[in-house]
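Subject: Structure for you to look at

Hello,

Please find the structure below, followed by notes on what was found in it. Keep it open while you read.

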Amino acid sequence: MKKPKMSTPLIFQSKLFCISLLYLFTTLFLTFYTSLHPTNCLFRSSPFDPIQLPLFSYPPTYGAHKYAVPTHRSSCSSPVYFNDYWMVLKEIQDLCWNSSVFNGLKYMKRKSESFGGKFNTKKRISYFNHVNDSVEIPCGFFKKFPISNSDQIAMERCNGVVVVSAIFNDHDKIRQPKSLGSNTLQNVCFFMFVDDKTLKGLDYHQLISRKSIQNTVGVWRIVRVSHLYENPAMNGEIPKYLVHRLFPNSKFSIWIDAKLQLVVDPLLLIHALVVSKEADLAMSKHPFYVHTMEEAMATARWKKWWDVDGLRLQMETYCENGLLPWSSHKLPYPSDVPDSAMILRKHGTVTNLFSCLMFNELEAFNPRDQLAFAYVRDHMTPKMKLNMFEVEVFEQVAMEYRHNLNKDSIQTSKPRKIKKVGRDLLGNGSSCQKYLLEMWGESHS
């Protein structure tokens, strides 16, 4: 009597079925892995990118990684393409070495000696008519920037790429950039500007010593800035827009709000968003607004700025001097409202001019830079080559955190009475009526 032979079940005799099972279990494994390690990616776009391990660890009490804003970013896919690290490093080094960009520091020193005080509206408007001759354009902030001599020397020695941020009023945490290449710190400077209140917090957590002449926290060199403006937000606009004056020998710069953490090497960012696009300046589009007036109304509605009358005066001034809502006629600019939390720029005549004109508007009205952006951009000549990238790109290259949740850090100046915005923010008789009608699509002209 023959012994019965064990046969393979029919269900496993199908090659297609077996492959499908393998694919299913592999997918489930990868999904489970990335859910546990959301910042890791199994498959890099370039396996030769020399990513360094974290260079600094914070004491648990500091809470640098608390209050992250949730996002739908994927760690293994990206809406922006990054070239090989070594190729990018070589190309940017060549650009910095061969660059003959406009040296803004000497020019601005001359202008600070011949101009003084704030500009009235008519004077500032008239400067737009002379932008072809840079000698006619003064740059705002004529005070001495109150930093130590050692910090000033270090800033002048930064002759490649500089990453700049600022924390005033202890409003944010210092966060270290991630995914830095092995040669990045030899080619990129990191500077964080802080005030005494922020220094006190860093000293409390034993991250720095207030008695030391020079302090660093991870990759960031900490620069103490004395009191300048009553509003700490305005103090932050100095390194944000006048970076070419503070770092006169730098060829590229990245401004990043302190609420953000870079998760991509700054050399790759500069190459992908500025160099490859042949742009002068790159920044993200606003996730919700396209028209300047939308941002102005939201600023009043959500009390982002206390002086509603000042907002009205600013918008009226811009409308009287030719500000129009965004339309296809403004292409290739895709929007009038940026998200200015990250600004990447190539230092040169055009971007230095744009930055100076922007700062003049912020000093004249308020530090809400989205409101002045389109007015300055559309009126200046020569036109700026601007890369306004999608919000998905912004979310891929930076991690956003909420501000420090301290009640005393919310108050940025003397207590002021908040005026509620009413329907007459730009009511009948406003010089912005034409703007609003065009924005709403009701203009018959």
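A residue is called buried when its relative accessible area is under 20%, exposed when it is over 50%, and partly exposed in between, using a 1.4 Å probe and the protein chains only. By that rule, 49% of the 445 residues in the protein chain are buried.

Two notes on the source. This is a predicted model, in which local features need pLDDT of at least 70, side-chain atom pairs count only at pLDDT 80 or more, and totals for chains, interfaces and linings use all residues. Residues are numbered from 1 along each chain as its sequence is written, and side-chain values use heavy atoms, with hydrogens and water left out.

Overall picture

The protein chain has 16 helices and 10 strands. Both are DSSP runs numbered from the N terminus: helices are H or I with at least four residues, strands are E with at least two. The protein chain exposes about 23,900 Å², and carbon and sulfur atoms supply 56% of that area. Accessible areas come from the Shrake-Rupley method with a 1.4 Å probe, and for residues only the protein chains shown count as cover. A contact means heavy atoms within 4.5 Å. Of the contacts in the protein chain with a separation of 6 or more, 85% are between residues 24 or more positions apart.

Helix α6

Which residues of helix α6 (residues 196–204) are buried? They are T198, L199, G201 and L202. These residues lie on the same side of α6, because they cover an arc of only 160° around the axis; the arc is that of the directions from the helix axis to the C-beta atoms. The buried residues of α6 pack against β1 (161–167), β2 (188–194) and β4 (220–224). On the face turned away from the buried side, α6 carries the exposed residues K200 and Y204. Just after α6, Q206 takes a positive phi of about 60°.

For the pairs below, axes are lines fitted to C-alpha atoms, for helices over the stretch in contact, and angles run from 0 to 180 degrees between N-to-C directions. Angles under 35 degrees count as roughly parallel, over 145 as roughly antiparallel, 65 to 115 as roughly perpendicular and the rest as oblique. In sorting the contact residues, Ala, Val, Leu, Ile, Met, Phe, Trp, Tyr, Cys and Pro count as nonpolar, Asp, Glu, Lys and Arg as charged, and the others, Gly among them, as polar.

Helix α2 (residues 85–98) packs on helix α9 (residues 266–275) at an angle of about 70°, with the axes 9 Å apart, so α2 and α9 are roughly perpendicular to each other. The contact residues include V88 and I92 in α2, and L267 and I270 in α9. They divide into 10 nonpolar, one polar and one charged.

Helix α7 (residues 232–241) and helix α12 (residues 349–364) pack at about 170°, with axes 10 Å apart, so α7 and α12 are roughly antiparallel. Here M234, E237, I238 and Y241 in α7 meet F354, S355, M358, F359, L362 and E363 in α12. Seven of the contact residues are nonpolar, one is polar and two are charged.

The axes of helix α11 (residues 308–320) and helix α13 (residues 369–379) come within 11 Å and cross at roughly 10°, so α11 and α13 are roughly parallel. From α11, L311, Q314, M315 and Y318 meet L371, A372 and Y375 in α13. This contact has six nonpolar residues, one polar and no charged.

Helix α13 is mostly covered, with nine of its 11 residues buried. One of them is V376, which has a relative accessible area of 0%. The C-alpha atoms of V376 and L353 are 9.9 Å apart, while the two residues are 23 apart along the chain.

Backbone details

Most residues other than glycine have a negative phi, and most peptide bonds are trans. Which peptide bonds are cis? One runs from L331 to P332, with omega near 15°, and P332 lies in the loop between α11 and β8 (338–346). Another joins T381 and P382, with omega about 5°; P382 lies in the loop between α13 and β9 (386–389).

D170, which is not a glycine, has a positive phi of about 55° and is found in the loop between β1 and β2. K303 also has a positive phi, near 55°, in the loop between α10 (292–301) and α11.

Regards
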